[in-house]
Amino acid sequence: MEARERKKCFLKQRQVFIFFVWLGIAQAGSEPRRYSVAEEMDGGSFVANLLKDLGLEVDDLAARAPRVVSKGKKVRLHFDRQTGDLLLNDKLDREELCGPTEPCVLPFQMLLENPLTFFQAELRIRDINDHSPVFLDKEIILKISESITPGTTFLIERAQDLDVGSNSLQSYTVSPNSHFHLKLQDSSDGTILPQLVLDKALDREEQPEIRLTVTALDGGIPPRSGTALIRIEVLDINDNAPEFAKLHYEAHVLENSPIGSQVAIVSARDLDIGTYGEISYVLSQASEDIRKTFGINAKSGELLLTQELDFESIQTYTLNIQATDGGGLSGSCVVFVQVMDLNDNPPELTMSTLITEIPENLQETVIAVFSVSDPDSGDNGRMVCSIQDDLPFILKPSVENFYSLVTNTALDRETRSEYNITITVTDMGTPRLKTQHNITVLVSDVNDNAPAFTQTSYTLSVRENNSPALHIGSVCATDRDAGANAQVTYSLLPALDAHVPLASLVSINPDNGHLFALRSLDYEALRAFEFRVGAADRGSPALSSQALVRVLVADDNDNAPFVLYPLQNASAPCTELVPRAAEAGYLVTKVVAVDGDSGQNAWLSYQLLKATEPGLFGVWAHNGEVRTARLLSERDAAKHRLLVLVKDNGEPPLSASVTLYVLLVDGFSRPYLPAPEAEAADAAPTAPLTVYLVVALASVSSLFLFSLLVFVAVRLCRRGGATSVGRCSVPEGPFPGHLVDASGTGTLSQSYQYEVCLTGGSGTFKFLKPVIPNFLTQDEERVSEANPSFRNSFEFS
C-alpha cells in the first residue's frame, strides 16, 4: 500500500520538460511583479497576498506547493500556504542590504510545482528615517590667515546620513557669529557640501580663535540632526595656497591586496617658504568606509590600504584629498580608485527542491531544482553546471541561473537501486573555482516483476504407503522486487485432470512452497499425477506465475502373489491325471499367479516345496509349469500331493503357496481313485450329477456337442449299479478384474481349467478338453499330437 501511495505521489510530479522550458521562457520574459515593504518591520509582517497574481485558489496551494527562492543562502521571505500571504522572515535593514543605492530592490522567485513554474517578483524596501546625520569629526579645525579677504570660502567636513531620499541630509546651519556665514554647494555626486564664507576680516591680535557650531539636518518627519564644533585658528599672513600637480588621479588596485599596499601618491607644492610652505595631506569629506579602508601619509602624500578590498562589496572609491600649508591655506584633488576583480569566490549552489526517493519506471521525473550564483564579475562570474556522464539524469536550465535535475529515462530498481549524483558548478575565471554538491537518490520499488520459479516443471517421487503429512518435496520461486512486492505466496491451482482428487492428495505451505502428501498413496490405484502450483507476490496489483509438478508414486512390495489356478477356495480340490506312460518332461499342469505390484516386485518365481515322492515332479521357476522329472514306473504311488511356493522378487519378498493333487493312471483304464477328501461321497448316486454336468456343458458348447452329450447321458442312465462319481470343481464367473499379470514372464493371464469325469460301474471313462483351450502350451499340443488316442478317446471297454 505504501509503495502504491508513493507511486501516486510521484506520478503527480512527472513533468514534461518541453513545457518547462517554454513556461520558464515566458515567465522570464514577462515583467516581474513588484511589492514593497518598509524597513525594520518585525518578522512575520504581512507583505502581500499572492493568490491573485499566481492565479491560484486556496485549495490549489497544497498541490502546487509554492515556495520562495532567491539568490544567496538566506531566505528573507516566507509564503504561507494556508492563506497565500507573503510574509517577512525577519527584520530588513535597508542600509545593510543596499547601502546608499536607491531604490533598494530584492529580486525573488516563486516556485510552483505540478507543473513546475517560476514566478518572477521583486521586493522594494522603503526607507524610514532611522538614522541621524553624523559628523565623523566631532571637532573641525580650520587655520585661516588674518590676511584673507572677506568673501573667501572654506570647505568643511560634511556630515554622513545613511538614510536616502527625503530622509537623507538636506541642510546645514551654523551658530550665529559676526565673521562667517554658511554656504551650501551641490557636488557632482548629488551630495551637499557645506562651506564657510568669510564676511569680516580676521584680526589675530583681537581674536586669535573662533568657535562655531555647525548643525546638519535631514528631511525626515520629525527631522533628525547632528552637530560638530568648528575651531578656527587665526594665523599670520600666508599668501600662497598649496597646488596639486593633478586635480584628478586614477588608481587600479586588485582586491585582496595586502594591508599597507600603496594605492597612489599625490603631490602638491606651495611657493611659500618656511612654515607657510610646509604641506600636510589629509582625507577630506571621507565617509566612514573610506576612512577604514584608506590612509594617507600626511608628509609624503602616499595613499595606503588599511584593510583589504572586496570587489563584490564595493567596486569603486572616490577620495578627496586636501593639502594644507602651515598658514592654513589648502588645495584639494580627487583620487578615483578602481577595485580589480579576482576570481576569489567559488560558485554557490542553493537547493530549492530535492526529492531523494522516486519510484522506478517513471519518465522525466524532477529530482531537484536549484540555483547557482557567483559574486565575481566577467569570466570570473560565468558558470558551467554539470553532472557525471554515466548517469540516467540530465540538467535542464531554466531562468535566472536556475536548473532542474531530471531523469532522462525510466529507472529500474532491480538494475540499480541507488544513485550518487555530484552536481559540479565551475566558473570560467583563472584559476577556475568549482563547487560540488552531492545528492543521493534512492529508487523505490514498483511491482513490475512476477515471481519466477527455479524450474518450469518439477518431478517428485514418493513411495507408496507413505505416512500422512509426509514432506514429498518443495518448489521455489523468487521475485526480483523488494519488500511486500517480493514476498511470495504459494498455492495449488485447479487440477489438470478433474478425476484426480487433488485437494485430498497434496497440500502446499503458502510461505515456503513445501509440498506434503495428505494421505497414504497406493501405487496400484494411482501411479502418477500432475498438478500446477502458483506463486503470487503481495504487490498491488499482485503478479503471479505457475509451474507444473509431476508426482511419481514408487512401488512398494505390499502385494503378495495371487494364485489364479488352481483355485484354493473351491469346495473340492482339482486332481490332475497323468498317464503312467508319460515321458520325462510331461506337462502335468501349470500354476498361474499374478502380483499387483510392478517391476521386480512383480517378478514371480515358482518352487516345489514339498512332494509325496521327491524327484518325480519338478516346477519350472519362471513360468510355473509342473512337469515330470523322470519316467514313471509301476512302483510309483498312484496319488501324489505337491506343495508349490510362488514368491515375488521384492524386498522383503512376499509369497503364496498352492497344493496340487496328481493321480497316476495306467492308460486311463483304471478306475478313478478318489482323493481322500472325496471318499465320503463314494456311495452317492451318480445319475443326477451326471445330468447336471451335461446341462452345464451344454450351455457353453455348440449344438453338436450338446447332442453328443445327451446321447452319452442316455446311455449312462441305462447302466445300472453306478458306484461312484468323481467331481472336479470348476470356478464360475470371472476372476477379479484387478488381478492381471504384469510380470511378463509368460504365465497365463486367465484361469487354466480342466474338467474330468469318471464312472466306475460300467468301466467307461470320459476325458473332456480344457474349458479354455487357448491356454494349451506348445508342450501340451505336442503331447496331444503324439498320443492321438489319448486326446480323442472318450470310451474304453
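This report describes the nonpolar cores, strand pairing, cysteines and aromatic contacts of a predicted model.

**Nonpolar cores**

The largest nonpolar core comprises 27 residues, and those with the most contacts inside it are Phe244, Val266, Tyr281, Phe294, Leu319 and Ile321. At least two residues of this core come from each of several strands, including S16 (248-254), S19 (279-284), S22 (316-325) and S23 (330-340). A second, separate core has 26 residues, among them Phe453, Ile508, Phe529 and Phe531. In soluble globular proteins, nonpolar side chains tend to be buried together.

**Strand pairing around S23**

Strand S23 pairs with S16 and with S22. S16 and S23 run parallel and are joined by seven bridges; within this pairing, His248 has Val334 of S23 as its bridge partner. S22 and S23 are antiparallel, with nine bridges between them, and here Asn320 stands opposite Val334. Four residues separate S22 from S23 in a hairpin, and Gly328 in the turn has a positive phi of about 95 degrees.

**Cysteines**

One disulfide is found in the whole structure. It is formed by Cys98 and Cys104, whose sulfur atoms lie 1.8 Å apart. The torsion about their S-S bond is about 65 degrees, and the disulfide is therefore right-handed. Cys98 and Cys104 are both buried. As for other cysteines, Cys333 has a relative accessible area of 2% and is therefore buried, the cut-off being under 20%. Cys476, in contrast, has a relative accessible area of 36%, which places this residue in the partly exposed class.

**Aromatic contacts**

The model contains nine aromatic pairs. Two of them are set out below.

| Pair | Centre to centre | Angle between planes | Geometry |
|---|---|---|---|
| Phe453 and Tyr458 | 6.4 Å | 75 degrees | edge-to-face |
| Phe529 and Phe531 | 6.1 Å | 25 degrees | stacked |

The angle of 75 degrees makes the pair of Phe453 and Tyr458 edge-to-face, because planes over 60 degrees apart are placed in that class. Phe453 counts as buried at 14% relative accessibility, and Tyr458 is buried at a relative accessible area of 6%. Ring pairs also bring in Tyr490, so that Phe453, Tyr458 and Tyr490 are linked into a cluster.

How values were computed. Residues are numbered from 1 along each chain as its sequence is written. This is a predicted model: local features need pLDDT of at least 70, side-chain atom pairs count only at pLDDT 80 or more; totals for chains, interfaces and linings use all residues. Side-chain values use heavy atoms; hydrogens and water are left out. A nonpolar core is a set of buried Ala, Val, Leu, Ile, Met, Phe, Trp, Tyr and Cys residues joined through side-chain atoms within 4.5 Å. Buried means under 20% relative accessible area, exposed over 50%, partly exposed in between (1.4 Å probe, protein chains only). Two strands pair if DSSP finds at least two bridges between them. A disulfide is a pair of cysteine sulfur atoms within 2.5 Å. Rings of Phe, Tyr and Trp (its six-membered ring) pair if their centres lie within 6.5 Å; planes under 30 degrees apart count as stacked, over 60 as edge-to-face and the rest as tilted.
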